[in-house]
Amino acid sequence: MSPIFELRGAIPLAIGVYGIPPLEAYAISVVGNLVPVVLLLLFLEPVSRHLMRYRPCKAFFSWLFTRTYRNHVERHRKYGILALVFFVSLPLPVTGAWTGSAIAFIFGLRFREAFPAIAAGVLIAGAVVTASVVGAISLAFS
């Protein structure tokens with residue numbers, strides 16, 4: 001559920017350190033990664049609206065929104081919701097569901113549009129990470 005590493009860190013930890021079977025690690029990590037998405041998509045707007053009443057928060061959110069919009073507006077215009085799926089599915093730090101939720105908020109996507117796209121990205125990223133970990137472990141022990 002943590003930002004930055006999300007399931008990209010949870011799956012290798014679950015399989016490699018705790019010995020959880022890959023499919024179980026995948027399922028737990030996907031669910032754990034999607035729980036904060038629901039909360040973020042539902043509450044990011046009201047919370048940010050409230051926080052923007054305060055000067056330091058307004059400066060931070062203005063910087064964050066401007067930066068995110070500038071970095072992702074072309075992909076959003078060109079590919080629409082698929083850009084969000086692709087972005088979230090990249091198995092790299094800071095390209096996951098938390099950032100995808102922020103991007104969805106910034107672009108004004110409603111929950112019913114954003115959640116399926118982010119969930120698809122999480123499912124894809126989880127499959128890639130799980131396959132990578134299983135492959136690396138089988139190579140290491142062969």
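**Crossing of α1 and α2.** I looked up the handedness first. The crossing of α1 and α2 is right-handed (the near helix is turned clockwise from the far one by less than a right angle). Helices here are DSSP runs of H or I with at least four residues, numbered from the N terminus. The model is predicted; local features need pLDDT of at least 70, side-chain atom pairs count only at pLDDT 80 or more, and totals for chains, interfaces and linings use all residues. Residues are numbered from 1 along each chain as its sequence is written, and side-chain values use heavy atoms, without hydrogens and water.

**Angle.** I read about 150° between α1 (residues 6-17) and α2 (residues 22-51), with axes 9 Å apart. Axes are lines fitted to C-alpha atoms over the stretch in contact, and angles run from 0 to 180 degrees between N-to-C directions. The pair is therefore roughly antiparallel (over 145 degrees).

**Contact.** I listed residues with heavy atoms within 4.5 Å. From α1 these include Leu7, Ile11 and Ile15; from α2 they include Tyr26 and Val30. The contact residues divide into nine nonpolar, two polar and two charged.

**Helix α5.** I checked burial next (under 20% relative accessible area, 1.4 Å probe, protein chains only). Seven of the ten residues of α5 (residues 97-106) are buried, among them Gly100, Ile103 and Ile106. Their cover includes α1, α2, α3, α4 (81-89) and α6. Glycine 108 follows α5, with a positive phi near 70°.

**Confidence.** I noted a mean pLDDT of 92 for the chain (the predictor's confidence in each residue, from 0 to 100). Helix α3 (residues 55-79) is lowest at a mean of 85, and α6 (residues 111-140) highest at 97.

Methods: Helices (H or I, at least four residues) and strands (E, at least two) are DSSP runs, numbered from the N terminus. Angles under 35 degrees count as roughly parallel, over 145 as roughly antiparallel, 65 to 115 as roughly perpendicular and the rest as oblique. Ala, Val, Leu, Ile, Met, Phe, Trp, Tyr, Cys and Pro count as nonpolar, Asp, Glu, Lys and Arg as charged, and the others, Gly among them, as polar. Buried means under 20% relative accessible area, exposed over 50%, partly exposed in between (1.4 Å probe, protein chains only).
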